Amino acid sequence: MAETSTQTRTRRTAKLTAGRLYQNRWMLAAAILAVLAVRLFGGASGGFTAATIVALVLVALIAPRTPAARRMAEASARVERSPLDRLSGEKLAAAVAEPLIIFGRDGTVVHANEAAETAFGAIRPPLPVLLKFRAPEMQALIEAVLGGEGTAQTADYVERVPFERVYRVTASAVGRGTGLFVLAFKDQSEARRIDRMRADFIANASHELRTPLASIAGFVETLRGPARNDPNARDQFLQIMQNQTGRMARLIDDLLSLSRLEMKPYLKPGVRVDLRQTVEAVIDSLAPLAAGTGVVIERDFAEGPLEVHGDRDELFQVFQNLLENACKYGQSGGRVVMSMRRSTEGGEPEIEVTVRDFGPGIPDEHIPRVTERFYRVDVETSRAHKGTGLGLSIVKHILTRHGARLSIRSKLGEGSAFTVHFPVA
Ligand code: ADP
């Protein structure tokens, strides 16, 4: 329960009284002994003795403090001072994870924390800050804070060595009249990178939608104009328009899938999924595509249960994307092998599901990038196969949610193998 102010006051007075008595304890003890001795040997009355002892206690309470007592009291007050008062600027700067530089009114460095030295190299007193940061925006910032009575100023600063980083820098005075100023750096590089990625993504998605839309608009115009009375052209154009709307619909479906996955990236999927059953269902669903591309799908499944914890629909989508790609891009190989096995090769026990095709393969330099959104090795081939460029990034998102990973091996002219590694709990 919270203490009332009266209770607090009473507690403080009691502490003070006890403190005073303790400080004067030897003097008090000697005096009381003397009084008792007078009573014992001198025959003083009980009333007199008691009154004398009470008087002595009162004297002990109001007696002025000796220098030693004062020193003791001051020392204990120091101990009781708030931890914040005892904190040195250096310690405070060291506790800040971002770069921090303290400088004086003459513009020379007083202290730089470890993060600042890691980010900008050695910054030792009395180095002039203007010499360390020569970029015009930093010079203007430092001069403004020195000349403007310490009002906080901010600027964006790009450090290019050893690699590019963007900082939002705030320059301000440390308290009033200390003659000290501080430069606080906030690394904005990651936020900028995410902004750029988002802008690129929107530009790519708009471009992907705009192309079929422009084609549909063009055909509508032709159908209303020159081809108005041409039944052959009309049928042909309507077919193209239907294909283009299909392309837009696929793109929107993939964009929605990605956005749904991004909204719940850490949701732990829970039910047991039988991988054998799921992969069989995927093979069945793609039988028409395999037949259409002349690809034979072979199975190579290990014996025994092959189960993982996860979301069956999402895992279905993973194998569907991988098998569809193998049938489309590896068509020339004429066959695709779906294999499943248990492995401990990576150290930890895993279940590996591999989709292997015998097509043209993927050049090495493209392999690390094929899971990026809208990245295609060859845009025209992808479009011809109704690709959106989002399939593998959806696969990657789903696998991350499942604590699984994708590895890609490929050899030009021999085909590609996409392997999903599931940890076995
Ligand atoms: P898309 O919708 O274009 O198929 P994906 O994200 O599924 O998009 O794949 C990205 C790109 O990776 C494809 O455009 C293709 O160039 C390449 N790719 C994917 N799978 C294979 C494969 N089995 N063989 C060769 N290239 C492939």
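This is a predicted model: local features need pLDDT of at least 70, side-chain atom pairs count only at pLDDT 80 or more; totals for chains, interfaces and linings use all residues.
**View 1. The whole chain, for orientation.** The chain holds 16 helices and 12 strands; these are DSSP runs numbered from the N terminus, with helices being H or I of at least four residues and strands E of at least two. Of its 425 residues, 35% count as buried. Here buried means under 20% relative accessible area, exposed means over 50%, and partly exposed is in between (1.4 Å probe, protein chains only). The accessible surface is about 25700 Å², and carbon and sulfur atoms own 58% of it; the areas come from the Shrake-Rupley method with a 1.4 Å probe, and for residues only the protein chains shown count as cover. If you take the contacts with a separation of 6 or more, 59% of them are between residues 24 or more positions apart. A contact means heavy atoms within 4.5 Å.

View 2. Two packed helices are described by the angle between their axes and the distance between the axes. Axes are lines fitted to C-alpha atoms, for helices over the stretch in contact, and angles run from 0 to 180 degrees between N-to-C directions. For the wording: under 35 degrees is roughly parallel, over 145 roughly antiparallel, 65 to 115 roughly perpendicular, and the rest oblique. On the H12 side, look for residues including Leu-275, Val-279 and Val-282, and on the H14 side for Leu-315, Phe-319 and Leu-323, among others. Sorted by class, this contact has 9 nonpolar, 4 polar and 1 charged residues. Nonpolar covers Ala, Val, Leu, Ile, Met, Phe, Trp, Tyr, Cys and Pro; charged covers Asp, Glu, Lys and Arg; the others, Gly among them, are polar. Now zoom in on Thr-278, which is found in helix H12 (residues 275-285). Thr-278 has 0% relative accessibility, so it counts as buried. Leaving aside neighbours within four places in sequence, Thr-278 is in contact with Val-273, Arg-312, Leu-315, Phe-316 and Phe-319.

View 3. Helix H10 (residues 189-224) and helix H11 (residues 231-263) have axes that come within 9 Å and cross at roughly 160 degrees, so the pair is roughly antiparallel. H10 passes H11 in a left-handed crossing, and their contact has 18 nonpolar, 5 polar and 3 charged residues. H11 also packs with H16, at an angle of about 25 degrees and with axes 10 Å apart; these two are therefore roughly parallel. The H11 and H16 crossing is left-handed too. Asp-254, Ser-257, Leu-258, Leu-261 and Glu-262 of H11 meet Ser-393, Ile-394, His-397, Ile-398 and Arg-401 of H16. That contact has 4 nonpolar, 3 polar and 3 charged residues.

View 4. Most residues other than glycine have a negative phi, and most peptide bonds are trans. The bond from Pro-125 to Pro-126 is cis, with omega near 0 degrees, and Pro-126 sits in the loop between helix H7 (114-120) and helix H8 (129-132). Another cis bond joins Val-161 and Pro-162, with omega about -5 degrees; Pro-162 is in the loop between strand S3 (153-159) and strand S4 (165-173). Phe-374 has a positive phi, near 65 degrees, and belongs to the loop between strand S10 (350-357) and helix H15 (379-384). With 10% relative accessibility, Phe-374 is buried. Lys-386 has a positive phi near 60 degrees, in the loop between H15 and helix H16 (391-401), and at 54% relative accessibility Lys-386 is exposed.

**View 5. Ala-115 in H7.** Ala-115 lies in helix H7 and is buried, with a relative accessible area of 17%. Its C-alpha atom is 7.2 Å from that of Leu-100, 15 residues apart along the chain. Leaving aside neighbours within four places in sequence, Ala-115 is in contact with Val-96, Ala-97, Glu-98 and Pro-99.

Note on methods: Residues are numbered from 1 along each chain as its sequence is written. Side-chain values use heavy atoms; hydrogens and water are left out. A crossing is left-handed if the near helix is turned anticlockwise from the far one by less than a right angle, and right-handed if clockwise.
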